[in-house]
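Hi,

Here is the structure I promised to pass on to you. My notes on what turned up in it follow below.

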Amino acid sequence: MSIQVVLVHGIRTSATMWRSQLEWLTAHGIPANAVDLPAHGTRRDEDFTLHEALHTIDEAVRAAADDGPVLLVGHSMGGLLALAYAGGEDAPPIAGVVAVSCTALPRGAGLRAYRMLAGAMNSLPGRGQWLTDRVLAATLPTDTRGDFAAGGYAFDAQDAALSSLAALDLETALSRIRIPLWFVNGQYDQLRVSEALFQRLAPHAELIVVPRTSHLVTAMRPSIFNAVLRLAVAVLDARG
């Protein structure tokens with residue numbers, strides 16, 4: 001049975017952020033499914049709740065697990081949710097986790113600052129879209145530049161999603177994870193602040209830091225990130 005990949009996007013964006021990964025996985029014959037979380041992408045008319053977000057991941061994982069071992073991949077908020085899901089009290093049917101750009105505990109001063117910044121951006125004309133577009137144009141290659149916006153931005157859900165993340169008990173979840181685990185960060189990612197703590201809580205995990213990249217590592221250097229997926233799939237294949 002072949003490895004099945006489930007991809008979980010970050011806050012504001014949608015499943016479209018994984019377009020370059022889906023193209024690579026398809027080209028290599030690796031089945032993959034990128035989900036839309038509640039209040040994002042095709043589900044922007046819904047409310048965001050942690051329960052429904054984790055249920056969305058669980059549904060995708062269990063459907064994929066019927067066809068083979070599952071590699072769960074999450075970026076930013078999706079990475080935090082993937083870790084919380086993988087480290088649940090009842091171990092889910094996954095074989096490995098790639099947690100991307102998410103080695104920060106979503107609580108305290110850091111979370112408050114992030115929510116204030118997001119609120120300030122949303123208060124700008126056009127919700128600061130012009131600034132976002134300029135940043136993406138300056139940092140992302142042409143091929144992936146439109147991927148984050150292609151499914152629309154979930155501006156209205158952002159604060160509710162951010163505030164709900166504080167309920168995640170990531171320390172306990174990380175200590176429970178026994179399957180292969182990779183933390184992937186961009187060199188200049190602002191969410192590296194708890195990187196050492198995450199490694200202590202999950203000492204078997206591998207840390208991969210991609211040089212000259214920011215928080216958007218999957219789109220900034222997609223060929224490097226796809227090589228990480230190749231590594232993770234090969235490891236799970238070898239485990240049988």
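**Aromatic pairs**

Y153 and F155 are both buried, where buried means under 20% relative accessible area, exposed over 50% and partly exposed in between, with a 1.4 Å probe and protein chains only. Before going on, a word on the source: this is a predicted model, in which local features need pLDDT of at least 70 and side-chain atom pairs count only at pLDDT 80 or more, while totals for chains, interfaces and linings use all residues. Residues are numbered from 1 along each chain as its sequence is written, and side-chain values use heavy atoms, with hydrogens and water left out.

The ring centres of Y153 and F155 lie 5.7 Å apart with the planes at 55°, so this pair is tilted. For reference, rings of Phe, Tyr and Trp (its six-membered ring) pair if their centres lie within 6.5 Å; planes under 30 degrees apart count as stacked, over 60 as edge-to-face and the rest as tilted. Searching the whole structure gives 3 aromatic pairs. Another of them is F183 with F198, at 5.8 Å between centres and 70° between planes, so it is edge-to-face. F183 belongs to strand β5 and F198 to helix α8 (residues 195–201), so the pair ties together parts 15 residues apart in sequence. Helices (H or I, at least four residues) and strands (E, at least two) are DSSP runs, numbered from the N terminus. F183 and F198 are both buried.

**Cores**

The largest nonpolar core has 42 residues, and L72, L81, L83, L181 and F183 touch the most other members. Such a core is a set of buried Ala, Val, Leu, Ile, Met, Phe, Trp, Tyr and Cys residues joined through side-chain atoms within 4.5 Å. Helix α3 gives the largest share, 8 residues. Apart from this core lies another of 33 residues, including V5, A15, V73 and V233.

**The sheet**

In what order do the strands of the open sheet run? The 6 strands follow β2-β1-β3-β4-β5-β6, with parallel pairing; two strands pair if DSSP finds at least two bridges between them. β2 (32–35) and β6 (206–210) stand at the edges with a single partner strand each, so one side of each has no neighbour in the sheet. β1 (residues 4–8) pairs with β2 over 4 bridges, and V5 stands opposite A32 in β2.

Enjoy exploring it!
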